Amino acid sequence: MDDAILRLRGLTKIYDGRFTALDNVDLDIRKGEIFALLGPNGAGKTTLIGAVCGLVNPTAGSIEVFGQDLQSTWRSARSRIGLVPQELSTDMFEPVMRSVTYSRGLFGLPPDRAHIEEVLRALSLWDKRDEQIRALSGGMKRRVLIAKAMAHEPDLLFLDEPTAGVDVELRKDMWKQIGAMRERGTTVILTTHYIEEAEQMADRVGIISGGRILMVDDKDAMMKRLGRTEALIELARPLAAIPPEIACYPVQLEDGGTTLCYRGGDGSGKGRSEVADVTKALTAAGIDYVGIDVRESSLEDIFVDLLERGEAEGAAA
């Protein structure tokens with residue numbers, strides 16, 4: 001991938017020679033995208049971020065960032081990378097403005113009050129600029145972490161569970177800010193356990209479990225390829241068997257024959273079309289139904305299914 005801003009090849013991390021946190025990970029991140037890395041606790045998300053940000057020493061593999069090997073260009077590369085950690089540890093007794101300004105100076109950049117003001121205003125922190133961080137709410141403290149990471153104008157920004165513990169309204173507001181970062185040209189890599197977060201913001205999604213990448217794809221393509229339609233058709237009278245008129249469709253009887261369940265399609269609209277055909281065939285066969293509930297699978301459904309398949313394959317191996 002010619003436009004890759006980050007390229008991982010064979011990245012592996014084994015702790016104490018026993019626990020494999022990352023298992024031969026290959027991953028390319030495109031310049032200017034929002035990439036969501038999804039996985040359960042202990043999947044390897046934070047370890048992967050730590051390896052790129054210099055907090056974890058990989059056991060094997062290579063990391064190329066901005067077209068250069070990270071190991072040989074660490075100092076210059078790190079100055080272009082921002083990190084918002086999962087933990088809320090920060091300089092709690094410092095005022096917001098001073099703390100964010102200091103973070104910029106850590107990367108050897110000259111003071112730029114205009115930029116710091118822009119960042120604080122974008123994150124709705126300007127009115128809190130003179131308050132000590134310890135006096136802020138949990139959501140505002142997390143915003144300060146983002147401001148500190150943005151202070152040195154990074155080209156690549158890691159957000160490790162950026163909205164964990166944040167209420168829904170504040171979370172949605174922060175999604176807007178993350179989208180604005182991308183608009184300014186920042187590449188954003190996001191780890192989250194809020195599937196709706198990835199569904200709302202990400203251009204591409206990667207799913208990791210047990211230190212292994214199970215899948216990487218454009219979000220829309222993933223949902224089209226792996227998505228499914230489910231329709232529950234409540235019948236007026238129970239059926240003993242599937243009528244021959246609809247036996248060619250992916251349907252089955254449930255609830256003692258009182259519910260006809262369709263599960264099929266491919267996320268492209270095929271499922272809804274087939275559900276319509278099924279209901280027409282039922283009507284033509286004189287089979288009455290009194291209700292129908294149709295839903296499309298979400299990114300969360302796909303995520304759970306892939307994890308279950310990955311665990312099953314791991315157990316079989």
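Which side chains meet in a salt bridge at 2.7 Å, N to O? They are those of Asp155 and Arg80.

## Basis

This is a predicted model, in which local features need pLDDT of at least 70 and side-chain atom pairs count only at pLDDT 80 or more, while totals for chains, interfaces and linings use all residues. Residues are numbered from 1 along each chain as its sequence is written, and side-chain values use heavy atoms, without hydrogens and water.

## Salt bridges

The whole structure holds 16 salt bridges (a side-chain nitrogen of Lys or Arg within 4 Å of a carboxyl oxygen of Asp or Glu). One of them joins Asp155 and Arg80; the two are 75 residues apart, Asp155 in the loop between H5 and S7 and Arg80 in the loop between H2 and S6. Helices (H or I, at least four residues) and strands (E, at least two) are DSSP runs, numbered from the N terminus.

Asp155 is partly exposed at 28% relative accessibility, and Arg80 is partly exposed at 36%. Buried means under 20% relative accessible area, exposed over 50%, and partly exposed in between (1.4 Å probe, protein chains only). Arg80 also places its charged end over the ring of Phe66, 3.8 Å from the centre (NZ of Lys or CZ of Arg within 6 Å of the ring centre and within 35 degrees of the ring normal).

## Strand S1

Of the 12 residues in S1 (4-15), nine are buried. S1 pairs with S2 (19-30) in the antiparallel sense over eight bridges; pairing requires at least two DSSP bridges between the strands. Ala4 lies opposite Arg30 in S2. S1 also pairs with S4 (60-65), antiparallel, over five bridges, with Leu8 opposite Ile63.
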